[in-house]
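Hi,

Here is the structure I said I would pass on. Have a look at it first, and my notes follow below.

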Amino acid sequence: MTLGMPAEWWFRPTGATDDIAVPACADHLECDFAPPSDGVMFAQSWVGSGYVGGEVEIGRPAVTIKIDTVYGPNPNGSFTTREGEQHVTLKATVAPATLAGSVDWSVTPAPEAAAETQAPANIPQGAPSGFPVPTPANAPGRWQAYGHPGDLKVKRLGYEATATVSSGGTTHRSDPARVYQDEIDTAREEYVEFGIGVPGRGEFALEPPHETGINTGDYGVMVFNNAFVSHLNNLAFSWTAYGQWQVNSQYRNPIHELSHIKDKNGNVIPGSLGSWHLYECAADIQTFGANAGAQHEFWNDLRQLAETLGFTVERLKQSGVGHVHVEFHFCV
Amino acid sequence: MGTLMKRHCLVAVLVLTGPVRPLTAQVPSESLLSRLRAPQWQVRDDALARLRRLPTESLPAGYGDAIVALLETEAATTDTSQYGEGYGEYEIGVVDAALSLRDPRTLRGMAVIGIQTSRAAQEFVAEQGSAALPYFDEAWNSPQGSKHDVVQTWALMLGAHRDNLAEVERTSIRHAILDSPGVDSLAIVWAAVTAPLTEAVPMIEGIASTTSSAIVRNRATDALGKLRPLRAALGPTELAQKVSDVLAAICLGAQGARSSACASLSTSLSRASSATAANQPGPARDTLMAFAARVDTGFQQGVWTDGEHRLLAANARYLGFRLGSAIFLHGSGGNANPPTLALSTLSPAGTTAKYQDSPALAFANGDPWVAVGTWTSPPGLGSGTLSALGAAHVWLGLKNSDDIGTNFDLRVEAYKNGTLVATGQTLCIQGITRNADLAKAVTVAFPALTATTFDGVTDVLSLKVLTRIGTTPAAAACGGHANAVGLRLYFDAVGRNAQFAATF
């Protein structure tokens, strides 16, 4: 603080009635002073027949903190627990900026996310920070409980983050911010947790699920394998002259393959995580026929054509005469 | 409290070992090998998947042996009904893993289950040639096996991998494909395309014409569309070899009357082959037609099945028509208007011509066509696809000398089993006389026709000749008399070898 002439210097704490002299500054043009609290600093000098001087109110700057973003590395800020896709970045803006390094983070499972979401441990202090998403509790067993098709809000992982900073004995807290897996990454999380090959996000396409059709899985997205679809189209075109064509099932997500397929009596018939349906490289094609003999001929002719075009097929003994299971092993 | 915690633990274990099969992160590859022997297929499946993801250089010692053993295990498993949706795909994985080994020790498993999953597996087994043959018996009879796929693999053996078999083995396989009870029609059709077996064309034509299944009929028709051009591209020597191959296959293990018939046919076929090789198409053709006629007779006597009849007679006749296309008009029961008029590939040998008279003709009342006669082939004369008819060559005279100066139109109609195939006509033929020695040679051309299939065993070709008082293209009388007692057609003699050509 500068008055411009030698002066007396005084400080009056906020709420106090008495002024406190600052002898260290007496007769100084300037006063370098660390006030013990908020208050008013003033100076005065006798000039001629009176005092001149001025005062300045001294207070600590207001502390503010808000979260800018909470996001994963994938589009939509999404993430999985797979290495390279599991880091959630936390960013907050804090004032004064000198407090940035002392920002603390609290991250908890978000509402409308899987109950198995695990809170991260030991998030580094700081306005920019982050954490690796822990493997959810009961992975991958958790998937079985969700049912078919299951609610995305109870399957996806999600976090709610809050940033805090302390100043002058006061703790300042941000509004919370949330981040969730999107539908594609929720589907991909199944592959991650089951420990099998994970399709890239770009391999997924929007496709409503149906009980019969190309997407018989649990999501509104499916792995769409262009090579397989193209080759299956060849089969369909080649077959059209011989009989009807109906794809019963093409894509299935892992848990659907394992736990949701039922026989005609409603009993679960567990599939295999080695299934090519998980990557849309297999299709089950309905057979038709007025009687068992005709249906058998349909089965035999269609699968023979498929083999000729390079497809691998499930044996009749395994698939049954009701459908032909075809796979194409060059598509991934 | 302790009891309660134990109960919670038990629940957790049950969840994990249920349908959801968690995959542990890292398992030593040696341990994976031992898991291939686990009683639960899901465990084997998991271990196999993990092993197959390893680079070749990282596969544990004993991997090949373990896969061979695994395939054996799966091939020996007869009751898989309780295994559920995924077992079939697991089985494919086992076959794939075994296939990548290219190990002959997998032949049994491949023959029993592998060939049911892919063409690649069938190709692998077929490549092994003679070494694979013993395993087909088991595959044929095992509840795990599939006759259909055995037949397909045999077809590959006869095709691209034929050199890996001895001739007697090829004959045996050909016999098994073409002449075994229990082989479904669809399997034969596909096998014929796969090999390919052009000699199966008559059999497939039979399947196409008799099956009640639209799928089989369509597939058979499709197969014929592929096989007929291949057969057409073969030369007479190759076709003769095909007939010989078929005869050898059919006669494999023949006994009794069948054996005698086989010997006789074999001799006949050898003669035809020799004549063919000596570039004597006429005698070769005659021998082949006689061969076919003997097969017809044998069929009627129960020596041959319907399928064998088709394979032998129709293939012989097809070859016969490849050697020559002429069909001659014959008659029996006298020279004048013989009661039986027939078509034959045999050229006439007599010197005295036979003749057939038309009824009386008149231009009045619309100048109607009247039939001179209809010459009919025995069943099966034609074999293959009739793609063209050459002009009919006949000799014409008058029934009565009073009709000298009458002009005639002549029409020929070709029929298959009574259905008109093609018709041709020549208008206003002049200069016809009563003197048989001066009979006028006349040609009547057939236009292009729609290709028509003849099965070589039952289909009948006939030629109907008709006449009327001669006309102009505008259907007006072209001069001469308006009436005639009748037109006479001479045929069935060396000098009057009335005929037409049929291209199959």
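**Notes on the model**

B:A475 counts as exposed because it has 11 C-beta neighbours inside 10 Å (the cut-offs: buried means 20 or more other C-beta atoms within 10 Å of the residue's own, exposed means 12 or fewer, partly exposed is in between, and C-beta atoms are placed from the backbone). Before I go on, some housekeeping: this is a predicted model, where local features need pLDDT of at least 70 and side-chain atom pairs count only at pLDDT 80 or more, while totals for chains, interfaces and linings use all residues. Residues are numbered from 1 along each chain as its sequence is written, and chains are lettered from A and ligands numbered from 1 in the order in which they are written.

Back to B:A475: its phi is near 75°, a positive value in a residue other than glycine. B:A475 sits in the loop between strand 13 (461-469) and strand 14 (483-484) of chain B. Helices (H or I, at least four residues) and strands (E, at least two) are DSSP runs numbered from the N terminus.

B:D492 also has a positive phi, near 60°, and is not a glycine. B:D492 belongs to the loop between strand 15 (487-491) and strand 16 (499-503) of chain B, but this one counts as buried, because it has 27 C-beta neighbours inside 10 Å. For context, most residues other than glycine have a negative phi, and most peptide bonds are trans.

On the peptide bonds, chain A has a cis one joining A:A139 and A:P140, with omega about 0°. Another cis bond joins A:H148 and A:P149, with omega about -5°. A:P140 is in the loop between strand 9 (128-132) and helix 1 (152-155) of chain A, and A:P149 lies in the loop between strand 9 and helix 1 of chain A too.

Strand 6 and strand 7 (residues 87-95) of chain A run antiparallel and are joined by seven bridges. A:V70 stands opposite A:L90 in strand 7 of chain A.

Over in chain B, helix 14 (residues 236-250) has 15 residues and reaches 21 Å from its first C-alpha to its last, close to the 21 Å expected at 1.5 Å a residue (expected span is 1.5 Å times one less than the number of residues). Its buried residues include B:L239, B:V243, B:V246 and B:I250. The buried residues of helix 14 of chain B pack against helix 10 (167-179), helix 15 (256-277) and helix 17 (306-323) of chain B.

Finally, the interface. The contact takes 36 residues from chain B and 40 residues from chain A, where residues are in contact if their C-beta atoms, placed from the backbone, lie within 7 Å. Helix 5 of chain B gives the most to the side of chain B that touches chain A, with seven residues.

Cheers

Methods: Contact = placed C-beta atoms within 7 Å. Pairing = 2+ DSSP bridges.
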